[in-house]
Every structure is written in structure tokens, then in C-alpha cells.
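Here are my notes on the model, written as numbered points. Have the coordinates open while you read.

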Amino acid sequence: MKLWGGRFSKETDSLANDFQSSIHFDQRLYQQDIQGSIAHAEMLAQCGIISQEDRAAIVQGLKNIEKDIEAGKVAFCAENEDIHMNIEALLTARTGGAGKRLHTARSRNDQVAVDFRMYVREEIGTVISQLLDMEAVLCRRAREHQETVMPGYTHLQRAQPVSFAQHLLAYAAMFRRDVTRLEDCRKRLNECPLGSGALAGTTYPIDRWQTAKALGFNRPCGNSMDGASDRDYALELMSGLSILMMHLSRFSEEVILWCSWEFKFVELDEAYSTGSSIMPQKKNPDMAELVRGKTGRVYGGLISLLTVMKSLPLAYNKDMQEDKEPVFDALDTVTMCLPVFTGMIGTMAVLPENMRRAAGRGFINATDCADYLTKKGMPFRDAYMAVGRLVSSCAAQGKTLEDLTLEELRAVSPLFEEDVFEALKLENCMALRASYGGPAVSETTRQIEEIEAFLEARSK
């Protein structure tokens, strides 16, 4: 007989039972379910709703069940549908009447809601920790390459000179926002739904503040219907994870380009590369490609959960059982991708000579040439047109701006003087870009120190 079977005189069809059972995936919530049940039992006893003897039997029974689960001694049963009913059935079998009293003043609706919130809260901490590891590696690699000149791109066309440090720090800025997004999500979700009941609370004189405090929540959810049926926190998590994976995917795309022979800006360590079964020369960036591919998987989870929730009336509906698998899969995917990606970035060899060689072609100092004329008194738009003519001439002759003689430059504008050649040196072009957030060493140093302070604040 099912725990909810009092109303029914007929057994559930075996196919229907398997169809609606969730134990094969929600069993990973066993720790949260036991923690929530212990807090609930403690509160019931404190409020005089169950006896201290029953409380003691329940708490010890739950602790023993947890030990047995972790020792692999428990076989969960699909007949009991989910982790909540499996644990309650085990407890009742071991403690008798005491176990039957545990579910007083609660429903599976608020039980699953508190379990899932606690699980999400804990997993956010794991993702944040991995992101901070990534930030530390990016800071270290950025310090190594503050003076490494490379071409910056727009439209995947060489645009202006930047340092490799500046490029890495752009991703560090993105991942920093990912950390704060997840922190915000964790802060918002930290309200306890336990005590909301099925949707309308309970007639028992419970203390919801006690259970909230015992489980590490800031406060109880303020509306019982919302507490039982809210999944905003899961959607917010999935949104944050999707944005994080988008950042990883963009970074992956660049790593894939950088380690190709066409770019050859970096070489991936053999520990993070694979070979070909037929082409002996191949060294493939499979880790980056897999991260890029798995991004779609996380996006799919977000869309799936949004679609599940979009038309549900209040309060709980069985559709909401479909909330867990997308979240579990997304978290598994992200926490698998981050350490591998961090290791790949931390061990890859950077090839500064190739970066500098690429920066020397493509006229990426053309803006600096126009700025030179502007600083000599020419209106910027006129300077822009003058340098455009120089670039067109150089392209036709296979030259760079640095290859031109002073006479050739003065043929376009008499404002050019000997100091123009210093102004056109890529290292100087980069060094002079000291505006806030720019690639000059002074600015990349500031950026690195800000991120290091961000990391330090979260290590306490």
C-alpha cells in the first residue's frame, strides 16, 4: 500500500507507476531530504506536536538511514515513487509509530521544495568555487603576458593592438559577473518553503522560523502557495549557468582558432588534446570543442524548464517533477566543464612571437596614425581619410605603415614628422592606451589587482 493509498481501492498500473516515479533521478536529494526531515521533527517536538521520545527515534532513525545509503546498503524502490516516500517508508519500517508521525504538518509539496532549494544552494557554492579557480588562473596567465602584443579583433578582422593579458582579462571580467549572478541567485533563493504544506499551510501550531534557521535559510517563504510552487530560483540558476556556458563557449571558440596552424597563437598541452585515428599529425582541441558543444545542452535545460512552468496554475502540479533533471544535468555539465577548461588554460603554451607577427600585418596601428595627425592639429575625420589613403596605397604595394618613408607619409600630410615612427610602433600603440580599462600595463595591472581582491574577499 502506498503512503497516500488510503483513498484508493485499486493498485496503480505498473506502467503508470514507472511513468510517474522519480526515484531514479531524485535520489540524489537524499541528504537534503534527511536534513529537512530532522529539522521538521525537531520543530514538531519543540512545539509539542510530537513527543520528545518520537523525536529522538525519528532523528536517530534518519541518521542511520543516511549512513546506510552512503554505505550502499539501501536499495530504493520505484513503488515508493520518490526519495521522500522511500525514506519515510524506511523510517516507518525501522521506528514504527514514530516514523508515521514525521509527516505531520507537512506535504510532499513543501518537502520537495525545501530539498530542491537546499540542493541548488549547495551546488551554487560548488560552481562559484570552480569559477574562482578559473579567475585565479586567468590572473596568473595575464601577469605573464602584460607586454605580449597581439592583434585585437572586431568582425574577426584585425583591428587594434592589445596585449594577451587584456584579452584574458576580458574573460575574467565575464566570469566575475557569473560569480556575482550566482551569488545573487543564492541570496534570493534563501527562503524556506517548509511549513507551506500542500499550498495553504497547516492548522498545527508550527514554528516556521525555527525550521528555516535550522536549515540555514534567512527566513520562511512569506506566502504558502508561492512557497510550495515557486521554481524561480531554479530558472534563475539555469539562466546564470547558460550565460556562464556562453562565456565558456566564446572562449572555447577562440582557443580553437588560436591553436590552429592558421593562427598558432597558443599550443595546447598534450594532457588537454587528442589525436586522430587516421591522421598521425593531428593534435585536436577536443576539450574546447566539447565545452562549446555542451553549451547547447545547458541552454536546452533552461528552455525546457521555462516551458514546463509557463502555463501552470497555482499551486503545485505534477508537471513540476520535470524541474529536477534539467537542473541536475546542467549542474553536472558545468561542474565537469569548468575544471577541464581551467586546466587547459593553465597549461597551454603561449607563442608571443606568432602573436606579434600577426599584429604586424593588417594595419592595426591605423587608428594610432590618425590620432597622431589629430594631435598635430588635423580634424579627426580628415585624419581618418588621410590614413585610409595610406592604407589603400600600402595594401596595393604589399607594405605596412611602418614600411613607408617619411617622404611618402608627407605626400599625404606635411604634419608627419620623424616621431611618427615611434607613434606607429605596436608596443607604443598598446602602451599609450592607458585609458581606464585599456591594454596598457598600468591598466592590466589594475584589472588583475581588482580581480585578486575579488578572489581574496571570497576566500575568507
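1. Glutamine 146 is buried at 10% relative accessibility (buried is under 20% relative accessible area, exposed over 50%, partly exposed in between, with a 1.4 Å probe and protein chains only). This residue sits in the loop between α7 (108-144) and β1 (149-154); helices are DSSP runs of H or I with at least four residues, strands are E runs of at least two, numbered from the N terminus. Its side chain makes a polar contact with that of threonine 445 at 2.8 Å (a pair of N or O atoms within 3.5 Å; within protein, one must be able to donate a hydrogen and the other to accept it, and residues adjacent in sequence count only if both atoms are side-chain atoms). Beyond four places in sequence, glutamine 146 also has contacts that include Ser163, Ala165 and Met430 (heavy atoms within 4.5 Å).

2. Before going on, the ground rules. This is a predicted model, where local features need pLDDT of at least 70 and side-chain atom pairs count only at pLDDT 80 or more, while totals for chains, interfaces and linings use all residues. Residues are numbered from 1 along each chain as its sequence is written, and side-chain values use heavy atoms, leaving out hydrogens and water.

3. Now the hairpin. β1 pairs with strand β2 (residues 157-163) in the antiparallel sense over six bridges (strands pair if DSSP finds at least two bridges between them). Proline 151 stands opposite proline 161 in β2. Two residues lie between the strands, and histidine 155 takes a positive phi near 60°.

4. How many salt bridges are there? The count comes to 27, taking a side-chain nitrogen of Lys or Arg within 4 Å of a carboxyl oxygen of Asp or Glu. Look at arginine 28 with aspartate 332, at 2.9 Å from N to O. That pair links distant parts of the chain, 304 residues apart, with aspartate 332 in helix α13 (residues 324-347). Arginine 28 is partly exposed at 32%, and aspartate 332 is partly exposed at 34%.

5. Aspartate 323 and lysine 324 also form a salt bridge, with the closest N and O atoms 2.8 Å apart. Is this pair buried or exposed? Aspartate 323 is buried at 0% relative accessibility, and lysine 324 is buried at 3%.

6. There is a network too: Arg176, Glu443, Arg446 and Glu450 are linked by salt bridges.

7. Last, isoleucine 69 in helix α4 (residues 52-70) is buried at 13% relative accessibility. Leaving out residues up to four places away, isoleucine 69 touches Tyr30, Ile34, Val74 and Phe76.
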